[in-house]
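Please keep the structure open as you read.

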Amino acid sequence: DTVWIEGTEDWVTLNQVQGIYFRPAPELVADLVEEGPQTRPWVRNWARSVDMLLIGIVFSVPIQAVLPDELNSLWVDRLIQFLGLLIWIPIEAALISTFGCTPGKALLRIRVTNKSGNYLSFNQALSRGFSVWLNGLGTGLIPLVTLITTIKSYQQLSNSGVTKWDRDGRIKVTHRKVGIARTLITIAIFAGFIALVIYGTASALGGPG
């Protein structure tokens, strides 16, 4: 479509007008259709937790095989978490720039795009990932710092509807209804992980009796 606005000599197309953003038609990109409230800090937190759980498992398995005794150290656990989060940044950027989501976000029906509804470039997603790692997770090395940055980000998202990294990058996070089935799957993932932790702890202590 073409429009005429004050300051132009002739009619111009809409995509030339500053401040006008286009989003894909719902029938073409159904995954980007908004459903319900779009400020859902807890849903975003659980989606990221699923991703962190997956990368943690992938990262710790080879360490368990090579250095099993070192995993009993608190500082080794924190270092593994720190390195896992750092390694996750480019992986997440590749997934978001290609699919608009990560496994956790796909499970809980979250999409990350630019204001026009298009997937981010790899560099945009990488920049966002570093900002989340630093400002949202506090690098994950010191639990108290991570707790403070997480609470701060939660309050910012709840109060303003956007996080610092999404505001700075002009990024849009779109939610759709999660549904009972996906909720149960998410619960089952964490329940299974907790069961594995308990089993592993019991085995390390020599088991009951």
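Predicted model: local features only at pLDDT ≥ 70, side-chain atom pairs only at ≥ 80, totals over all residues.

The expected span of a helix is 1.5 Å times one less than its number of residues. H5 covers residues 143-160, which makes 18 residues, and it reaches 26 Å from its first C-alpha to its last, close to the 26 Å expected.

Now look at how H5 is oriented. Its buried residues are Thr-146, Thr-149, Ser-153 and Leu-157. These residues lie on the same side of H5, because they cover an arc of only 75 degrees around the axis. The face turned away from the buried side of H5 carries the exposed residues Leu-144, Ile-148, Lys-152 and Asn-159. After H5 comes Gly-161, with a positive phi near 85 degrees.

H2 has 26 residues and reaches 36 Å from its first C-alpha to its last, close to the 38 Å expected at 1.5 Å a residue. If you follow its axis, you will find a bend of about 30 degrees at Ile-89, with a proline, Pro-90, following within four residues. The buried residues of H2 include Phe-82, Leu-85, Trp-88, Ile-89, Ala-93 and Ile-96. H2, too, is followed by a glycine with a positive phi: Gly-100, near 80 degrees.

Where do such buried side chains gather? In soluble globular proteins, nonpolar side chains tend to be buried together. In this model the largest nonpolar core has 15 residues, and those with the most contacts inside it are Ile-96, Leu-108, Ile-110, Val-112, Leu-120 and Ala-125. Two or more residues of this core come from each of helix H1 (41-66), helix H2 (74-99), strand E3 and strand E4 (171-175). H1 gives the largest share, three residues. Apart from this core lies another, of ten residues, among them Phe-82, Leu-85, Ile-89 and Val-132. Returning to Ala-125, its contacts beyond four places in sequence are Ala-93, Ile-96, Ser-97 and Leu-120.

Strand E3, at residues 110-114, leads us to Asn-114. Is Asn-114 buried or exposed? Asn-114 counts as buried because its relative accessible area is 18%, and the cut-off for buried is under 20%. The side chain of Asn-114 reaches the backbone nitrogen of Asn-118 at 2.9 Å. Beyond four places in sequence, Asn-114 is in contact with Tyr-119, Leu-120, Arg-170 and Lys-172.

Most residues other than glycine have a negative phi. Arg-170 is not a glycine, yet its phi is positive, at about 50 degrees. You will find Arg-170 in the loop between helix H6 (164-168) and E4, and it is partly exposed, with a relative accessible area of 42%.

Arg-109 also has a positive phi without being a glycine, here about 60 degrees. Arg-109 sits in the loop between helix H3 (103-107) and E3. At 24% relative accessibility, Arg-109 is partly exposed.

Terms used
Residues numbered from 1 in each chain as written. Heavy atoms only, no water. Buried < 20%, exposed > 50% of the residue type's maximum accessible area, 1.4 Å probe, protein only. Polar contact = N/O pair within 3.5 Å; in protein donor to acceptor, adjacent residues only side chain to side chain. Contact = heavy atoms within 4.5 Å. Core = buried A, V, L, I, M, F, W, Y, C linked by side-chain atoms within 4.5 Å. Arc of directions from axis to C-beta. Bend = angle between axes of the 7 residues up to and from the residue.
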